[in-house]
Each structure stands twice: as C-alpha cells, then as structure tokens.
Amino acid sequence: ENSSTHKVELQLLPTRGDIFQTLAKVFAVEHPEELGKGADISEVREKYADLRLHSAWRIENPHRWHKYADEMDSVAEELKSLQESGMSVPPAKCRLHEKGAAALPGGVHDSLNE
C-alpha cells in the first residue's frame with residue numbers, strides 16, 4: 001500500500017470549539033505528583049502541577065477510516081457470535097469514557113468494548 005496515494009488532511013482545531021475542550025478534559029492530569037518524572041525528562045525544570053492543551057489538529061485519512069470502520073464491523077460480528085454461543089463478554093472499563101471521549105468525532109462504541 002502506497003501511503004502517498006491517500007490524501008491526508010490536517011485541520012487546526014479552534015481552542016474554543018467542542019472537540020478541543022473535550023480533548024483538554026481527556027488529557028487533564030489526575031495525579032500531578034507524577035509530573036516531571038520519567039525517562040522523557042532530560043533535565044530538571046521548574047515544578048508544575050498541571051498541563052494545558054495548547055493546540056490540537058484533526059488528522060483525516062478517509063482510506064484508513066474506512067479500514068477502521070470495516071474492522072469495527074468485524075469485531076461486532078465476532079462479539080455477537082461469541083455472545084450467541086453463550087460466552088460472556090464483560091464490558092471494558094476505561095477512564096477515557098469518564099473524561100468525555102465519547103463526545104469526540106466518531107464517538108466511543110461501548111458495544112465493541114472500545
């Protein structure tokens with residue numbers, strides 16, 4: 001597959017828009033004591049207790065979106081088959097749901113344990 005044949009669009013999101021505000025909630029810091037630690041820190045800097053989303057872009061690739069949608073359909077069929085055979089499929093728990101990820105474009109598909 002040649003990725004150069006598939007058009008990708010970048011769209012800067014307005015900071016006052018719904019998608020940007022939802023992303024800000026998704027990336028909100030739950031444990032500020034963990035900031036400034038880890039392998040990605042190369043030097044000691046001023047301590048901070050929060051992160052602020054500055055910019056966000058929407059990246060659209062229709063070809064890949066269609067592939068993703070096809071895979072979601074496959075997963076839905078497989079889950080349905082498992083449930084019909086009597087297998088219990090417990091729901092996945094994810095903190096992103098609590099933070100509003102379902103409000104993002106495309107939403108979150110609970111029935112697929114997304």
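Let me start with G36, which is partly exposed, at 37% relative accessible area; partly exposed is the range between buried, under 20%, and exposed, over 50%, with a 1.4 Å probe and protein chains only. This is a predicted model, where local features need pLDDT of at least 70, side-chain atom pairs count only at pLDDT 80 or more, and totals for chains, interfaces and linings use all residues. Residues are numbered from 1 along each chain as its sequence is written, and side-chain values use heavy atoms, leaving out hydrogens and water.

Back to G36. The loop between α1 (18–26) and β2 (57–60) holds this glycine; helices are DSSP runs of H or I with at least four residues, strands runs of E with at least two, numbered from the N terminus. Leaving aside residues up to four places away in sequence, G36 touches I41 and Y48, where contact means heavy atoms within 4.5 Å. K47 is eleven residues from G36 in sequence, and their C-alpha atoms are 7.0 Å apart.

Next, the surface. V8, L10, L12, W57 and I59 make a nonpolar patch with about 570 Å² of accessible area together. β1 (9–12) and β2 are the elements that each give two or more residues to that patch. Patch residues have over 30% relative accessible area and no salt bridge, with nonpolar side chains joined within 5 Å and like charges within 9 Å. A salt bridge is a Lys or Arg side-chain nitrogen within 4 Å of an Asp or Glu carboxyl oxygen. In strand β2, I59 is exposed at 60%.

Last, the charges. D70, E71, D73 and E77 gather in a negative surface patch. E77 belongs to helix α2 (residues 62–84) and is exposed, at 58%.

Terms used
Areas by Shrake-Rupley, 256 points an atom, 1.4 Å probe, with all protein chains shown as cover. Lys, Arg positive; Asp, Glu negative; His and termini not counted. Charge placed at Lys NZ, Arg CZ, Asp CG, Glu CD.
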